Amino acid sequence: MSNARRARAEQVETTRARILDTAERLFAEHGVFTVSNRQVSEAAGQGNNAAVGYHFGGKKELVRAIVRRHATPTEAVRERLLAEHGDSDRLRDWVTCVVRPITDHLATLGNPSWYARFAAQLMTEPNLRQMAAAEVGAAPTLHAVLDGLHERLPHLPPEVWQERDDMAHTLIMHFCARRERAMPPGVDSRSVWAATATSLIDALEGLYGAPCQSIEDRF
């Protein structure tokens, strides 16, 4: 590759990263559907107001790119935790593998960060939630973690642990969004996210370990 082409490629990547950073912040603060592609382009310092369309194609593709950007490092944390706890029979260890990929990744983003609030926004809109779930659900280690967790829940029928998976995901993302929003300026986010992880693991260990009524009695 020539120096000119290499410089051009680096410029494109820098521009894409700036747009992603800006979109994530604006979406987190104002909502995905409230912010236009034009506003993202302008806030990212792009002279061309159609920069989002040029680099990503549209808002849904932009949202998908943000999700993918965070899914890769989150999966790396999950792989490390699965290697550490994969032979454990303790429910808490498997809940740890569910919670800490998210909180450990958030701890790397510094203060301020916006990803937890962005992810919580996606959960409120069915189409975006489905799209994000498809991206995250493609991670092979996530399936291994959930399979291991479910094996530690012999007291629950599949319908119930699936329901509790949804409860757990909702609690994790919205609680993390609340913590991220309340993060005081200048505070070392790593200690906040470590404490958040412990609180979530305590709560979800209780959630998954709780007994349930029979399916016939519940519906």
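This is a predicted model: local features need pLDDT of at least 70, side-chain atom pairs count only at pLDDT 80 or more; totals for chains, interfaces and linings use all residues.
Reader: How many helices and how many strands does the secondary structure of the protein come to?

Author: From the N terminus on, the elements run α-α-α-α-α-α-α-α-α-α-α. The C-alpha trace spans about 60 × 35 × 35 Å along its principal axes. The secondary structure comes to 11 helices and zero strands.

Reader: Among contacts between residues at least 6 apart in sequence, what percentage join residues at least 24 apart?

Author: Of the 219 residues in the protein, 43% are buried. Among contacts between residues at least 6 apart in sequence, the share joining residues at least 24 apart is 74%.

Reader: Which feature does UniProt place at residues 97-204, and what is the helix content of that span?

Author: The UniProt record, an unreviewed entry, places there the feature "domain: PsrA tetracyclin repressor-like C-terminal". The end C-alpha atoms of residues 97-204 lie 12 Å apart.

Reader: Are α6 and α9 roughly parallel, roughly antiparallel, roughly perpendicular or oblique to each other?

Author: Helix α6 covers residues 115-123 and helix α9 residues 158-182, and their axes are 8 Å apart. The packing angle is about 140 degrees. Roughly antiparallel requires an angle over 145 degrees, and roughly perpendicular one of 65 to 115. The two helices, α6 and α9, are therefore oblique.

Reader: Which residues of α9 does α6 meet, and how does their contact divide by class?

Author: On the α6 side, the residues are Y115, A116, R117, A119, A120 and M123. Their partners in α9 are H169, T170, M173, H174, C176, A177, E180 and R181. By class, this contact has eight nonpolar, three polar and three charged residues.

Reader: Is the crossing of α6 and α9 left-handed or right-handed, and which hand has that of α9 and α10?

Author: Helix α6 passes α9 in a left-handed crossing. For α9 passing α10, the crossing is right-handed.

Reader: How is α9 oriented relative to α10?

Author: Helix α10 covers residues 189-209, and its axis lies 11 Å from that of α9. The angle between α9 and α10 is about 155 degrees. Because angles over 145 degrees count as such, α9 is roughly antiparallel to α10.

Note on methods
Residues are numbered from 1 along each chain as its sequence is written. Side-chain values use heavy atoms; hydrogens and water are left out. Axes are lines fitted to C-alpha atoms, for helices over the stretch in contact, and angles run from 0 to 180 degrees between N-to-C directions. Helices (H or I, at least four residues) and strands (E, at least two) are DSSP runs, numbered from the N terminus. Angles under 35 degrees count as roughly parallel, over 145 as roughly antiparallel, 65 to 115 as roughly perpendicular and the rest as oblique. A crossing is left-handed if the near helix is turned anticlockwise from the far one by less than a right angle, and right-handed if clockwise. Contact means heavy atoms within 4.5 Å. Ala, Val, Leu, Ile, Met, Phe, Trp, Tyr, Cys and Pro count as nonpolar, Asp, Glu, Lys and Arg as charged, and the others, Gly among them, as polar. UniProt positions are given in the numbering used here, feature names are shortened, and annotations may be inferred rather than shown by experiment. Buried means under 20% relative accessible area, exposed over 50%, partly exposed in between (1.4 Å probe, protein chains only).
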